[in-house]
Amino acid sequence: MPSAPLRSSRPAAVPHVYDGSVSSSSSLRIATAQVMISDDARRNGPVIRRLMREAAEAGARLILFPEGCLSGYAKEQIRDWDQVDWPAVEEELRQVAALAAELRLWVVLGSAHRLTLPHRPHNSLYVIADDGQVVDRYDKRYCSNTEILGYYTPGFTPTTFTVDGYRFGCAICIEINFPELFVEYERLGVDCVLLSAYPVDSVFEVKARAHAAINNYWLAMATPAQTSALLNSELISPDGTVLARADATTELITGELDRDAPEFDIALNKARPWRAGARQGDIYRSRRVCDPRSDSPAGFV
């Protein structure tokens, strides 16, 4: 199996940045999957590879899969890590990586990542480049209470990578409730956040659209078929509108990231840089006044 970069040697404050693809393109087509996840990697793997082929045929350069898509997700398919066939997970990952190279397709794939016993696995996203190398891995940082007590080891670093001039960041499921992660990715200059999830409520979609609109970047959200009654996989624009959405029977959606699209001019070229300056605060501090009517709590004394 292609090896992911080691994490232990990097300080937690330093983000992982992979810029293996730096050519600039005005637009980029990406695909988002919505699949039924099982507890058997040998069943999940062929479905993943079929959707990879469909994404490539649709002209996508990257495909995003849901949380736990390859291995199965703890609490749902996985009740005990002893039931996981780890050699099967690794073999299926090798086949996914080989197909990524064949199709020249980037793959962001949700899976548990095994650690050395007695440590619990990470809840991860493998970042597989279009040459078939696992160039990085995002490990879920904000695990749920159940996850952290019984199933997973947390990660501590953001992960970004670049495809054809577009920079991506990664997040997983419950991290939707931590706005600081999404602000962090805005500061890291991402064009799109890839959010893999196994959601438990429909308000999840409202939060995702809000993060995209507030930070003025695209957000792709991949969810399993099991949760389609709550919400579906989506591609959300930098102004918070939905560009593409799956339905209950859809396994794959595609959409375009286009910095030159006139409908996103305000979000990308006006709102985003202005909000970045506003967060720094200089435009406000430079206009602070010394006035007793300002300092008085009542304001009219």
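Me: Where does α6 bend, and by how much?
Reply: The bend in α6 is about 35° and falls at Ala271, with a proline, Pro273, following within four residues. The bend at a residue is the angle between axes fitted to the seven residues ending there and the seven starting there. Helices (H or I, at least four residues) and strands (E, at least two) are DSSP runs, numbered from the N terminus.

Me: What sort of model is this, and how are residues numbered?
Reply: This is a predicted model, and residues are numbered from 1 along each chain as its sequence is written. Local features need pLDDT of at least 70, side-chain atom pairs count only at pLDDT 80 or more, and totals for chains, interfaces and linings use all residues, while side-chain values use heavy atoms, with hydrogens and water left out.

Me: Back to α6: what is its span?
Reply: Helix α6 covers residues 265–280, which is 16 residues, and reaches 22 Å from its first C-alpha to its last. That is close to the 22 Å expected at 1.5 Å a residue. The expected span is 1.5 Å times one less than the number of residues in the helix.

Me: Which residues of α6 are buried, and what covers them?
Reply: Ala267, Leu268, Ala271, Arg272 and Ala278 are buried in α6. Buried means under 20% relative accessible area, exposed over 50%, and partly exposed in between (1.4 Å probe, protein chains only). The cover over these residues includes α4 (179–187), α5 (203–215), β10 (218–222), β13 (252–258) and α7 (282–285), where contact means heavy atoms within 4.5 Å.

Me: What follows α6?
Reply: Gly281 follows α6, and its phi is positive, near 90°.

Me: How does α2 look in terms of span and cover?
Reply: The 18 residues of α2 should span 26 Å at 1.5 Å a residue, and its end C-alpha atoms are 26 Å apart, which agrees. Its buried residues include Trp86, Glu92 and Leu93. What covers the buried residues of α2 includes α1 (41–57), β4 and β5 (122–128).

Me: Is Asn216 buried or exposed, and what is its phi?
Reply: Asn216 is buried, with a relative accessible area of 3%. Its phi is near 60°, a positive value in a residue other than glycine. Asn216 lies in the loop between α5 and β10.

Me: Changing topic: how many aromatic pairs are there?
Reply: The structure holds 9 aromatic pairs. Rings of Phe, Tyr and Trp (its six-membered ring) pair if their centres lie within 6.5 Å; planes under 30 degrees apart count as stacked, over 60 as edge-to-face and the rest as tilted. With centres 6.4 Å apart and planes at 15°, the rings of Tyr73 and Tyr152 are therefore stacked. This pair links distant parts of the chain, 79 residues apart: Tyr73 is in the loop between β3 (62–64) and α2 (86–103), and Tyr152 is in the loop between α3 (145–150) and β7 (159–163).

Me: Are those two tyrosines buried or exposed?
Reply: Tyr73 is buried, at 4% relative accessible area, and Tyr152 counts as buried at 2%.

Me: How are Trp81 and Tyr152 arranged?
Reply: Trp81 and Tyr152 form an edge-to-face pair, 5.4 Å centre to centre, with 65° between the planes. Both residues are buried. Tyr73, Trp81, Trp86, Tyr152 and Tyr198 form one aromatic cluster.

Me: What lies over the face of Tyr166?
Reply: Arg259 does, at 3.8 Å from the ring centre. A charge sits over a ring if NZ of Lys or CZ of Arg is within 6 Å of the ring centre and within 35 degrees of the ring normal.

Me: How many residues of β4 are buried?
Reply: In β4 (residues 106–113), 8 of the 8 residues are buried, so the strand is largely enclosed by the rest of the structure. β3 and β4 pair in the parallel sense over 3 bridges; strands pair if DSSP finds at least two bridges between them. The bridge partner of Leu64 in β4 is Val108.

Me: Which residues does the cis peptide bond join?
Reply: The cis bond joins Leu117 and Pro118, with omega about 15°. Pro118 is in the loop between β4 and β5.
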